[in-house]
Amino acid sequence: MHPEYVPLLPRAPSVASTATTTTATTTASTAASTAASGAATGDPDTRARSPAMTFDPSPSAGLALPPTIRFDLHSPGITPRSLHAHAQIGPHSGHRGLSLPDIFVPPRPLPVHRANDASEQTSIPFSDIASTDELTTVSGTTAPTVESTAAVPADVSKRLWYDDFTTIDWVHEFIKESFRVKRLRDLPGLRGRLIRARDASQGWILISVIGSTVACIAYLIDAAEQRVFDWRSGYCATNWFLPKHDCCVDSGDTCPAWLEWKFALRGSAFVEYALYIALSVALALIAVLLTLTTASTTPFPKPPLTVVDSARETSSETNANLAPGAPVTVNGETHKSQPAPAPRSIIYTAAGGGVAEVKTILSGFVIKRFLGSYTLFVKSIALVLSISSGLNVGKEGPYVHIASCVGNITCRFFSKFNNNDGKRREILSAAASAGVAVAFGSPLGGVLFSLEEVSYYFPPKTLIRSFLCAVISALVLKLLNPYGTGKIVIFEVSYDHDWHAFEFLIFVFIGACGGVIGAAFGRLNVWWTRIWRRSRFISKHPVADVVLMATVTAAISYFNVYTQKSASELLYDLARTCTYRTTSPFDTLDYEDDDALCPTSMSMYASSIRSLTAAFVIKFVLTAVTVGLKIPAGIYVPSMVSGALLGRIVGLSVQWLQYQVPHLFLFSSCPAGNDPRACTIPGVYAIVGAGAVMAGVTRMTVTLAVILFELTGSLDHVLPISVAILISKWVAQALEPNSIYDVIMHNNNFPFLDNQRTPGFSVTLHDIVPKATISSTSPVIDTSDSTYISAAALRTKLQILQISGELDGSLPILRNQVLVGLLPAPELEYALDKIKERDATASGIQYNDLAEVDDNNEIMCHISADDQEIQRYYFDRSSRHHQFSQNNGTNAGVFTAATDLTPFVDRAPISLDIDSPLAMVYLMFVRLGLRMVCVVEDGKFWGVLHKKRFIEYCRFGDDNMDTWF
């Protein structure tokens, strides 16, 4: 069922007294019947009145006033201005003691079900109401079902779904929801209470389903990933499907049940090395082939070389296509104001982590198929394969994408959220929290992640729903027990004593290093994308990129004991303490005997630090160049691993320094004795380093601190972790303003307007919006001379608008250079296509009997925003429509209604003066969620600024745009 139109302003409030409502309703109904009969017979007295309004003259203080006014549900003449004009009788009109009449204001024309016979048209109720007797006036009286022979056909007047790669209209969605809520509140009796209770429960039921489903999917991915990852090194002789730690759970330090491939195949070490690389490449190859099946072409040109370069810094071939002023021919006429079509970029909906795309979608952008069922299926399978291949990728970011897919799919079964894109995004925000909850075992971190990182619009109710969704997903995952340890994460660490005062400066140092590494991470990724990933060969063959990267990663990682491990296993090993024996789900090694991470003599520290430094360089470089591969790839845990390696190196260095200079004043607070392990814990430094580097890469703060707190379970170490995260974010922001998410969104050219930064502007609208020209081919509709325009001319204007990239733009409607309305491009395109179909269907009927035509026999469409003219025209056309339906068949009436585009006109466009500061424009786009802003000068139309154009200006247009505060 399609969502209905609603007016762009709230319905007028009722201030009428209750005493006059009942009698007025009866008289108004009688008057409505009289008006309808007069319209059918052509009574001139009846025709003189508005067909959209009927009233009964009841004397009051010597005046004839309409106590209750009812408007025709299908009348295109009902606008906020017309309501205001009709209601100019009351206390403010100079008549004392008179009250404003009750006004029943329905939404825009509703969809109409059409039977096989086009003449049989019946009105249908609102989408979320069971029957028409539930429609009420503002005062509470029931509105009868409105039948009209002038109803616009359903395929013309229905509200279209948003097109791909366009922006939703937040204002329209909000107003539509307010009308729906008002109708529900007006339902009387027990039945109304039950309907409202059912409506209120939809959100909680939906959240529960999402949380449970996400937990089940996470369980399957975790279980499969453990098994497939271990198969690269060997297999369990007792049960092929057991991972290594389950196969060796009762075997002690040795595990005879686990057979490595060199022993199973009775080969040499080289055979094992070659097989290790071959299996890694095979898994990565299958993952990329699956991911490439989710390709989708965007309407955007190929992105610039770097995120900081100007849009003009492209290759010579792209410059030829994007040169400003390049000629464009439309219907034989050349226009130099628009660039020539550029090569379109391609996105793969299952590739990457998906967090940047989810942020863009929650800001109001539409990316179809990105949250679809096929993307969910492919990403879940390819994620297991990409992690198991040994590439430096994580599953935490993809979990957010998978959870959002689940939320989007389940919304289809609940009309409250399926028919409103604004409400749907509230559910997606809550679903994202479940992805983090199952990834880190952190329900509170998931809620904060949704609030801090991905959500654009986060009302209070969404906070509660996010918390419920995260708790349910964590609870269900704990019951499923994917790791066999009773935990919902693969590692948990704890420490036996608090940190010392001298360590605070060391934590600050780690935070600063994390910020530098995070900024370098973004710069390295941009540089690698520019010189390698956008090269002619790699851009056309993404499979080669993945295969080469998998080969290099496996070949290098094989020789380092740390890089061989999975990211979660390595992070656990680096973060845990050496002071007492702990049980790992991967091995049963006592860390007091592990010379690599817990050296016991001075001679061991140098070799341990060298091994960790080599692992840090390998992990950092390979992770930075892996981001951007066409496979599912998260960034959270891989960046945390790099930070944990850095922190472990610093922690071992501090222990070494204490060994060398035990009486240094820094160590005065340490316990007596010469054992550094009793004073400093390298695992704490690893956790602090993990948070610092991840904060530098992603710029998360509060969310990251809470996640690490829930992992360690120690309140004593929340302060050093938080300090390091804050220092890291400040340093990274100073060195590189763009986080890794900003890099991804800029590379994909997503129109995301950051609402967490305040830009500094030095210009006004006059400096960035050119004055629109009014001509037969310009994307402007001038109704000064006539409200009729040919369908061919509208098609030309629409094509020019689409060439400029504004697929979700609008054509301004002017009268004497004054803006009177907007005609949205998606609705116009749909209507023109339907007119073309009617043209072919009605080939045997004279055009003069169907619609207005010009001297060249071209179909003319009627577009107007004038209330009186709309009412007069609509009344006359209604009579003709009824007459032609009786005389010339059904096609005539349908064709007549199809050429009337007036119901699509937005008669309440939001405008700003030409001298308005851009800071005000920024607030309009961010706070109201507008798609475009009309610009006027002294009340006369100047131009239109689309949100995408404003975002482009913010990125490239102003020299001062690097100043964010």
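These questions and answers walk through a predicted model of one protein chain.

Q: What makes up the protein chain in terms of helices and strands?
A: The protein chain has 34 helices and 21 strands.

Q: How do you know what share of the protein chain is buried?
A: A residue is called buried when its relative accessible area is under 20%. Of the 965 residues of the protein chain, 57% count as buried.

Q: Which residues does Phe-950 touch, leaving aside residues up to four places away in sequence?
A: Phe-950 touches Leu-753, Phe-761, Leu-918, Val-921, Tyr-922, Phe-925 and Leu-945. A touch here is a contact, with heavy atoms within 4.5 Å.

Q: What makes strands β16 and β17 a pair?
A: Two strands pair if there are at least two bridges between them. Strand β16, residues 810-815, and β17 have 6 bridges in the antiparallel sense, so they qualify as a pair. Within this pairing, Ser-810 stands opposite Pro-824 in β17.

Q: Why are β14 and β17 described as standing at the edges?
A: The open sheet has 3 strands in the order β14-β16-β17, with mixed pairing. Strands β14 (781-782) and β17 (818-824) each have a single partner strand, so one side of each is left without a neighbour in the sheet.

Q: How many cavities of 30 Å³ or more are there, and what is the volume of the largest?
A: The count comes to 13 cavities. The largest cavity has a volume of about 320 Å³, and 30 residues line it. Closest to its centre are Glu-225, Ile-387, Ser-566, Ala-567 and Ser-568.

Q: Which helices each supply at least two residues of the lining of the largest cavity?
A: They are α6 (189-230), α21 (567-575), α22 (602-626) and α23 (636-660). The largest share of the lining, 4 residues, comes from α6.

Q: How do the residues of that lining divide into nonpolar, polar and charged?
A: The lining of the largest cavity has 12 nonpolar, 10 polar and 8 charged residues.

Terms used: Residues are numbered from 1 along each chain as its sequence is written. This is a predicted model: local features need pLDDT of at least 70, side-chain atom pairs count only at pLDDT 80 or more; totals for chains, interfaces and linings use all residues. Side-chain values use heavy atoms; hydrogens and water are left out. On a 1 Å grid over the protein atoms alone, a cavity is a set of points where a 1.4 Å probe fits but cannot get out, and a pocket is an open set with protein on both sides within 12 Å along at least five of seven lines; lining residues have an atom within 4 Å of a point. Grid points are joined across faces, edges and corners, and a volume is the space filled by probe spheres set on the points. Ala, Val, Leu, Ile, Met, Phe, Trp, Tyr, Cys and Pro count as nonpolar, Asp, Glu, Lys and Arg as charged, and the others, Gly among them, as polar. Buried means under 20% relative accessible area, exposed over 50%, partly exposed in between (1.4 Å probe, protein chains only).
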